Amino acid sequence: MDSRFAQLFAIAALGVSLLNAVTAISQTPLLNMSHPAWSELNPVTRLTAETFGQPPATDRPWVRVNTPDNLTSEELKAEITEMKKSGIGGLEIGQGMFPKTPQLIAILQAANDAGLKVSLSHGSTVSPAGYSFNEDNVRKTLLFTASKVSGGATVDITLSAPLPPLNTGFGGGPRATAPQAPRRSTLIAVLAYRCAESACNPSGPITLDAASVVDLTSTLTAIDKSGVAGGPTTGHLKWEAPAAGEWQIIALWSQGVFAQPDLFSKQGTSELIRGMEADWTPEVKTLLKQNGGDIFYDSHSSDRGSPTELWTNNMEAEFKARRGYSLIHSTPALFEKNFAFSDGGAPRVRNDLNAVRGELWIENHIKPMEAWAHTFNYRIRLQPYGEPATTTPDEIEAASVLDRPETESLFFGDEVDSYLPIASANHVTGNTWFSIECCAALGKAYAQTFQDAVIRMHRSYAGGVTRLIYHVYPYRDAADAKWPGYHSFGPAGFANAWGPRNPNWIDARTYNDYLARTQQVLTQGEARVDVAVYMQSYLYPAPMFVKGGFHIWSDTKLQEAGYTRDYLDPTLLAMTEPTMVAGQVVLGRPTYKAFIIDSEQQPANDPIKTSMPLDAARKILALAKAGLPIIIVGTAPNQTPGRTSANDDALQALMGNLMQIKNVHHVSHEADVPALLLSLGIHPAMESVSSSPVLSVHRRDASRPIDYYFFYNEGMVTPPNEPANIFEPAEGKIFDREVHLQGEGKPYRMDAWTGKITPIENFVTTRDGVTFHLNIAPDDAAIVAISPVKLGITSANPKGGKAASLPAPINLTHSKWHLSVEDWQPANEYATTGVKATETRKETAQLDIDELKTWPQIPQLKDVSGIGTYTAGVSLLSSWKIGTGARLDLGEVFDSFTLSINGNDVPVNQISASAEVGPFLRAGANTLVVRVATTLNNRLSSLDPAVAKRSLIQNYGLIGPVMLTPHN
């Protein structure tokens with residue numbers, strides 16, 4: 001390339017001192033599986049009777065606070081007080097409008113006083129003030145202009161940069177916008193390729209002869225020096241094409257794609273750090289260090305969750321050093337919809353670029369940012385996946401180095417399988433933080449329920465998630481917001497508006513205590529996973545956009561047999577080593593009992609699933625020689641993923657050697673794997689007598705030693721209405737059968753709704769564990785601990801004498817009930833905006849009903865949202881004995897609820913809606929009170945056209961059937 005353009009790829013100077021500072025930071029040792037500081041970054045509560053009963057802030061859910069302009073410090077402090085009271089452990093701020101410095105100080109002061117963590121997103125955490133698309137170190141991508149020239153003809157053109165492409169909408173869909181204004185563009189190179197076919201086909205991707213490339217960059221005239229690092233922004237090309245065939249002239253341009261500092265270079269990271277340091281006052285910095293929260297990157301590429309741009313100033317040099325060939329001369333491969341190579345190598349070029357992007361992102365941005373954030377006692381929390389149909393860096397590799405990896409329920413359609421890749425990174429490294437942005441549903445604002453959120457979290461926990469971040473908790477008011485208050489997504493938008501504006505928030509503490517207890521369990525010790533599956537992918541399709549859902553491992557027989565799995569990319573595979581446990585070879589910290597190579601894995605491309613790097617193949621061969629069972633599903637890997645195909649023969653030879661080892665096995669399909677595992681004597685840690693919908697998570701605290709199991713009775717593998725699904729009422733069937741759990745000692749039931757831990761009385765000890773009866777309602781969860789020493793945390797309910805006689809079950813569904821309803825309505829005209837719009841009038845109605853019905857079935861309650869209190873009498877025979885057991889099943893209750901009997905509060909499972917009530921009953925008259933709290937959907941449906949348009953009326957209330965079943 002001409003020397004005039006060499007400077008194009010030089011790194012622009014940003015100031016020696018700042019550059020040196022970031023360079024030094026990036027050399028800080030990376031936290032990995034051997035690093036002792038994971039628990040310092042993400043403290044884990046040591047589970048005791050006290051901490052399980054009253055979980056500390058460390059274990060509690062967080063909220064994403066959605067904010068408008070003109071925040072007041074007083075209101076912010078009041079809202080943080082409410083969060084604390086409601087069982088929230090942290091708040092993320094910045095979505096909407098980032099708080100001004102006085103308000104940020106107020107937030108940090110109030111949060112520090114309340115013991116809540118503060119997460120910062122947007123604002124200066126994204127880009128310095130005034131940062132533009134024209135900066136030297138702005139985030140860039142590659143664009144091209146192309147023209148066709150016949151063989152022997154002369155092209156004589158002046159090159160002009162293309163306009164920026166139109167913005168795309170949510171999830172990559174179309175968004176109607178005006179054409180973008182021109183941006184500073186730098187001409188990178190001009191290349192000519194012979195079309196592989198007789199003509200350069202304009203109707204589809206043009207197939208090019210990669211070997212025919214002619215670099216015309218040095219022949220350009222009339223160039224300027226206005227581009228990045230003095231590169232040209234235009235040029236004149238005059239060139240005579242060779243006689244044979246037709247040729248494609250491709251001019252490559254770098255252009256700012258987001259007005260943010262570059263994520264692939266230390267220079268860009270330096271500029272971002274400098275911007276934050278300038279924006280934060282000394283008081284803010286002091287408060288941040290006291291708080292110890294995090295900085296958050298959202299998943300969209302524009303929010304930096306996973307960069308999808310194609311360029312950085314030094315990309316050509318970095319790529320060539322890492323992959324051994326010129327990216328510039330292969331760039332047509334990056335434009336999959338426009339060009340292909342006749343040798344089939346274009347996908348391999350894209351694999352190489354994805355790998356290099358990931359390396360640069362981790363080395364030049366993630367690591368330095370984390371090291372810098374740690375100097376403020378802060379962490380980096382990041383969703384390491386990009387747009388739903390665009391290749392990105394390897395999310396597993398990124399998650400393995402993140403302080404706090406995060407996923408989301410919306411993009412991934414609540415599919416458990418899609419959460420496993422990030423969880424796998426944590427399982428190998430030992431990091432316990434895996435949060436989820438939950439529980440948005442398209443078009444369901446003010447219709448989402450707490451029960452819906454819990455079921456979504458059950459699915460998330462089954463996928464390895466350990467922390468809930470509610471999406472979203474809006475600030476109280478805005479100048480243009482109507483009742484019940486500000487919500488940037490609108491009253492019929494895709495995210496709920498959690499908080500005290502909703503009737504069901506009255507029960508927030510109950511739900512958040514439950515979630516906190518569950519999360520405390522899921523961070524104990526280390527993960528134990530049955531099998532590991534090899535996975536290298538740069539594409540993570542969002543199930544919400546895939547009709548019928550998306551599954552990496554498509555067949556469900558493996559999970560139905562009880563097996564848990566992790567996905568290991570080459571980075572995680574390199575971290576793991578075989579060890580011997582109880583006479584069996586296992587792999588890594590999670591003690592995988594077998595390793596699977598799956599050619600049926602999805603997606604089938606980016607890279608194709610019969611590809612594997614040589615280093616990964618060598619590691620697997622070594623594991624097989626050490627005695628670890630290896631299973632190959634379908635076709636064994638036969639090519640390496642990168643552009644250089646010279647290693648394909650070596651890979652095939654390695655696979656041939658692998659297949660000769662006796663503990664290496666082959667099956668045709670994923671569905672064949674469970675039977676093979678059993679034939680090899682490899683059993684799941686949780687095993688039932690037959691196929692089961694129950695998913696499990698197993699963690700072991702070897703220091704005590706205690707095994708913890710979380711079980712979720714999955715109602716459906718793929719929710720049919722995603723991304724607009726609401727998980728209420730629950731789906732599926734009751735799981736009611738014996739299970740066998742691996743572990744040493746006696747089993748204990750840990751009730752996350754009550755905070756009580758009680759011994760399971762009837763169990764059988766086996767050679768490697770215990771067998772007992774397990775009952776889980778549809779979409780419900782259960783937690784069991786196995787301990788060799790008496791936990792003694794809470795004794796079982798005292799046993800009474802055998803009752804002389806038991807009455808038959810009592811059906812209260814058709815009994816007389818008194819219903820007192822608090823009807824929530826706007827206190828002012830619905831058109832009112834601002835603070836006055838947040839005022840709620842609560843009118844009370846008294847009704848006597850002869851049977852339970854939904855509120856919309858009761859004329860007086862047709863449009864009502866609010867809180868209803870049901871009261872009924874239950875008469876028991878005089879022969880009723882104290883200590884007689886009784887189970888109360890409330891049936892369907894919409895949404896949150898409480899139960900009291902004879903003035904005593906009775907803890908009740910909010911999903912199964914059942915509770916043991918025997919200790920609270922007495923002979924003669926008994927009073928049963930059920931208080932139900934709803935969403936605001938039905939009231940808003942009568943007020944707001946956008947809400948009414950979705951034609952959703954929810955069946956509020958105590959619906960039943962309500963059954964009281966005495967038992968001995």
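Which polar atom of a side chain lies 3.0 Å from the backbone oxygen of arginine 183? Hello everyone, let me start there: that polar atom belongs to the side chain of serine 185. Before I go on, a word on what we are looking at. This is a predicted model, where local features need pLDDT of at least 70, side-chain atom pairs count only at pLDDT 80 or more, and totals for chains, interfaces and linings use all residues. Residues are numbered from 1 along each chain as its sequence is written, and side-chain values use heavy atoms, with hydrogens and water left out.

Now, the confidence. pLDDT is the predictor's confidence in each residue, from 0 to 100. The mean for the protein is 92, and 93% of its residues reach 70 or more. Where pLDDT is low, the predicted coordinates should not be read in detail.

On to the overall picture. The protein has 20 helices and 45 strands; these are DSSP runs, helices being H or I of at least four residues and strands being E of at least two, numbered from the N terminus. The radius of gyration is 30 Å, close to the 30 Å that the globule rule gives for 968 residues, so the protein is as compact as a globular protein of that length. That radius is taken over C-alpha atoms, and the rule is 2.2 Å times the number of residues to the power 0.38. Along the principal axes, the C-alpha trace spans about 105 × 75 × 55 Å. Of the 968 residues, 59% are buried, with buried meaning under 20% relative accessible area, exposed over 50%, and partly exposed in between, for a 1.4 Å probe and protein chains only. Among contacts between residues at least 6 apart in sequence, 81% join residues at least 24 apart.

Back to serine 185. You will find this residue in strand E6, residues 185-194. Is serine 185 buried or exposed? It is buried, with a relative accessible area of 4%. Its side chain also makes a polar contact of 2.7 Å with the side chain of glutamine 255. A polar contact is a pair of N or O atoms within 3.5 Å; within protein, one must be able to donate a hydrogen and the other to accept it, and residues adjacent in sequence count only if both atoms are side-chain atoms. Leaving aside neighbours within four places in sequence, the contacts of serine 185 include Ala161, Pro232, Trp253 and Gln255.

Next, helix H7, residues 282-291. Its buried residues are Val284, Leu287, Leu288 and Asn291. Seen down the axis of H7, they fall within an arc of 105°, so they line one face of the helix; the arc is that of the directions from the helix axis to the C-beta atoms. An α-helix has 3.6 residues a turn, so residues three or four places apart point the same way. What do the buried residues of H7 pack against? Their partners are helix H5 (101-114) and strand E3 (117-120). On the other side of H7, Pro282 and Gln290 are exposed. Just after the helix, glycine 292 takes a positive phi of about 75°.

Let's turn to strand E22, residues 594-598, where five of five residues are buried. Ala594, Ile596 and Asp598 point one way, Phe595 and Ile597 the other. Strand E18 (residues 531-534) runs parallel to E22 and is joined to it by three bridges, with valine 533 opposite isoleucine 596. Strand E23 (residues 630-633) is also parallel to E22, with four bridges, and there isoleucine 597 stands opposite isoleucine 632. Two strands pair if DSSP finds at least two bridges between them.

Last, two open sheets with antiparallel pairing. Within it, six bridges join E40 (residues 896-901) to E43 (residues 924-933), and serine 896 stands opposite alanine 933. The other has four strands, ordered E34-E45-E38-E42, with E34 (810-811) and E42 (914-916) at the edges. E34 and E45 (residues 963-967) pair over two bridges, and asparagine 811 has methionine 963 as its bridge partner.

Terms used. Contact = heavy atoms within 4.5 Å.
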